Amino acid sequence: MDEVQTDAQALRILIADDSESDRLILSTMVRRQGHDVMTAADGIEAVEGFRRFQPQIVLLDVMMPRMDGMDAARHIKALAGESLVPVIFLTSLSDADALARCLEAGGDDFLSKPYNRIIIEAKINAFNRMRVMHRTLSQQRDVIRAHNQRLVNEQNIAKRVFDNVAHTGCLDAPNIRYHASPMSVFNGDILYACPRPSGGMNILIGDFTGHGLPAAIGAMPVAEIFYGMTSKGFLSGDILREINQKLWRIMPKDMFCCAAFIELDFHLGNLSIWNGGLPCGFLLRRGATVERLTSAHLPLGVVAAERFSVDVARYKVEEGDTVLFATDGVPEAMNAEGEMFGETRLEAAVAGTPDDQSVLDAVLRAVARFTGAEEYSDDLTLLTVDVVPPADVEELPLRVTQSALSGPATWSCEYEVTGETLAQFNPLPLLLHICMEVPGLRRRGGEVYTVLAELYTNALEHGVLGLPSVWKNSPEGFGQYYAERERRLRTVGDHAVLFRLEHKTGRKGGELRVVCRDSGVGFNYTEQTQRTVPEAGYAGRGLALLRQLCDSLTHHGTGNEVEAVYRWTFDPDESEQHTG
Amino acid sequence: MAIHTRRSEDGRTLIISIDGRFDFSSHQSFRDAYEHDDQDVSDYVIDMSETTYLDSSALGMLLLLRDYAGGDAGRVRIENCNSDVRRILSISNFEQLFSIK
Amino acid sequence: MNDKPHLDDDALAELQEVMEGEFDVLIRTYLSDSSERLNALRSALSDRDADAFTRSAHSFKGSCINIGAPRLGALCADAELAGKEERIDDARHVLDDMQSEFAIVRELLEHTLMR
C-alpha cells in the first residue's frame, strides 16, 4: 500500500526553535522516528535552512529572535510555491487570536508543549500523507491539464477540417438570420444553407444526440450530402433519404439527428418543410398569423430506408413571410428555478414580435429575459429565413466544382422516364449533370436547371397527371394540388416523359436545345401564347420564367411537346444580356 | 435518478421503472437493467410513472433497448408518461417505434 | 507561588527514555539555557523593557514545561502575564520567586544526573 510506504519513508524535517533544550528534545524525537533533521535557532536561519535543505515538513516556534515564526512561515510558503510543505507551529500559546494569526501566516497545525512523541509521530505521518496526496493530485491535475490542452488543440484542428466540409454555405444570405455557437459542431448542432441551382435555397437545421466528437463526426457526411446534392439540383426527398441512410448505416444505434429541412423556391413561392424530431417551427405570414411547423417524422438515422418517410408539408408563401426553427436548446433553456422556457413561451414570443423587429431578436430577448443569464447557452441554435423577391438572393454563388478541362462541345442525348419511375425518380440532377460537363454552361447552372425543371414540372404535372394549375392560386387549392399529385402519381400507368438534349458550340458561344415531350393529351397552346389564363397548362409564373431565360420557346404537336433553345456566349460579362 | 426492475408473474415481461430525470447519467444502469437478464423475457415495459424528464440521450437509450429486444420485431411498451415526457417522445415521433400509453 | 511539583518525574522518565545517552546533554543545556534566560529577564527588568521581559518569560515557560519543571513553568506564565500587563513590581517579585525555584530545580536535576 502507498500509505505504508509513505509512513515508513524518511522525510527531511526542519525544526526551528530558539530554545536550545526544546530544539534538542524535538530533534531527538523526530530523528528517532527515522527522519533527517535540520535545526535553526531563529526565523532567518529557518528560511535559509529551508532553501538549502528543501525539507518536506517544517516545525516552527512562534516566538523567535530576529524573525518570528509567522514571518518565517510566510517566506517558506512563498518559496514552496505550488508544492505543499506543511508548516506546524510549536507553541505554548493559548490565546485564540495568536493561534489564528499563525494559521493566517500559512501554518497548517500546532504542536503544543510539552512535546509528546506519539502525537508528533501521528502529526508528521498525517501531514506526510496530505503532502503526498497533494503531490499526486497536482501531478494528476497537470496530466489532465495537458490532456485537456491536447484535446482543445485537436478540436481546433478538427474544427478547421469540419469548417471546410461542413461550411455554413449561404447562411450569410441577406434573408437569413441565425444564432449559433461558433463551436456548435461539438455540441451536436448543425446549421447549413445552400442555394439551389434553380434559384431557391435549401436549409438544414438539426441537433445530434450527444456531444463532442461523435456528434461532429456525424455532421460531416450530413454536410457533404446536403451541399453536394443541393448543388446538383436534388430535391428535399432525395437528400433526406440519402442522409438518413448514411446516418443509419454509420452511427451507433443510440445516436441520431433531430432535424428540419426547409426547401424554398422564391420564383414560385413554394415552401416545403420536413421536420423530424425538432421542436415545432413557425411560419409567420407577413408578421401577422403564425402557423406551426410540427415534427411529423422520426429523426434522421433512426430507421432504415424502407420505413423512412420523406413526406413534406407544402406551403404557398409570399414576400414578407418568415420561417423560424430552433434546436431544443431554445425550449429547454432553463431559469434559476429549473423551469424550462418551453414551446408555449417560444410561440408567444414569435407571435408577439412587433412588426418593426426581427423575430430572431425577439425570441433571443425572450429567452434571455426568462433565464436571466447574461449569455446564451452553447447549445442553442436559432434560425429565421425570410421570403424575398428572387432578385435579392440571385447573387449567391453555387458550389459546383469547376473543372479546368474543356468538356464536350457537340453532343445530343435522349432520356425517357416511364411508368412507376415517374413517381420515384427525379431525372433533373442527372440531366443537369450532363449539361454541366460543358464548361461554358457551368456558370449558368442555375438558369439551365430552371429551364429543365420548368419543362419537366409542366410535362409531369400538367401533361401526364393533368393537374389544373389554377388550383395553386388559393391556399386550399395549393394543398389539394399536391395531395392530388401524390395520388395520381401512384396510378401513373405507362405514361412517359422524354427529354432530348442537343448541344453545339460555336465561335462565340453555344446553343442548348431541349425538347420535352410527354404522353399526355396536350393543350391548346395557341391560346397560351396569346397570354390568356390557361385552363390546363403552365402556371403563369413558370412560363414567364422560361420565356425570359430562353431564346425561343415553341410548342409542337398537340401541345404535348415543347422545344426550348438556350444560347450562351463565351464572354462572361455578356451573360447578363444574352436573353433574347 | 433510480432504476428498478421487476418481472411479471409469468416471468415473460421485464418491467423497468425510471425515477426522476432520465438522461445520460442513467446510461449504464439502464443497460444493466435489461442486458443482465435471462432469455425468458419476451416483452419489455418501461414504466415512466415516476419519470420527470428525458433528454435526447434517453431517447437513444430507448433505441438501444428496442434494438436489444429485436428491433422491429421487439416488443417494447412505454407506459404512464407524464405530459412533458409524452411531448418529448411525440416530437421525435417515437410512437412509430414503441407502443406508448 | 503555586502548588505544582518542582519536577514531573513521569515527564523526566519519558525524556530519559527518548534521549537515551543524550539525556545528560539535554539537562546541562537546559540548566545553562535557563541561567541565561534568568539573566536576560533581570536585565530587561532593569531596562524597564516589558516586551523583552514578556518574550523571554514565554520562551522560558516552553522549555520548563518540556523539561518537566511545572512549578517553574507556572512561575514563567505569571511573569509573562505581569510583563504583558506592565506590572513591573509584580514582575520583580515573580522573578525573585523564579530565581529561588530555579535553584531548587537545578539541585534536583543535578542530583538526577548523578544517579
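Predicted model: local features only at pLDDT ≥ 70, side-chain atom pairs only at ≥ 80, totals over all residues.

User: Which residues of the largest nonpolar core touch the most other members?

Analyst: A nonpolar core is a set of buried Ala, Val, Leu, Ile, Met, Phe, Trp, Tyr and Cys residues joined through C-beta atoms within 7 Å; buried means that 20 or more other C-beta atoms lie within 10 Å of a residue's own, exposed means 12 or fewer, and partly exposed lies in between, with C-beta atoms placed from the backbone. Here the largest core has 102 residues, and those touching the most other members are A:Tyr192, A:Ile203, A:Ile205, A:Phe226, A:Ala259, A:Ala260 and A:Val363. Its largest share, nine residues, is supplied by helix 7 (residues 212–231) of chain A, where helices (H or I, at least four residues) and strands (E, at least two) are DSSP runs numbered from the N terminus. Another core, of 63 residues, lies apart from it and includes A:Phe89 and C:Ala82.

User: Is strand 10 of chain A enclosed or open, and what does it pair with?

Analyst: Two strands pair if DSSP finds at least two bridges between them. Strand 10 (residues 270–276) of chain A is largely enclosed by the rest of the structure, because six of its seven residues are buried. It pairs in the antiparallel sense with strand 9 (residues 257–265) of chain A over seven bridges, and also in the antiparallel sense with strand 13 (residues 313–316) of chain A over four bridges. A:Leu271 is the bridge partner of A:Leu264 and stands opposite A:Tyr315 in strand 13. Four residues lie between strands 9 and 10 in their hairpin, where A:Gly269 takes a positive phi near 70°.

User: How many residues does each chain give where chain B touches chain A?

Analyst: Two residues are in contact if their C-beta atoms, placed from the backbone, lie within 7 Å. The contact takes 13 residues from chain B and 15 residues from chain A, and helix 2 (residues 56–68) of chain B gives the most to the chain B side, with eight residues.

Technical notes: Residues numbered from 1 in each chain as written. Chains lettered and ligands numbered in written order.
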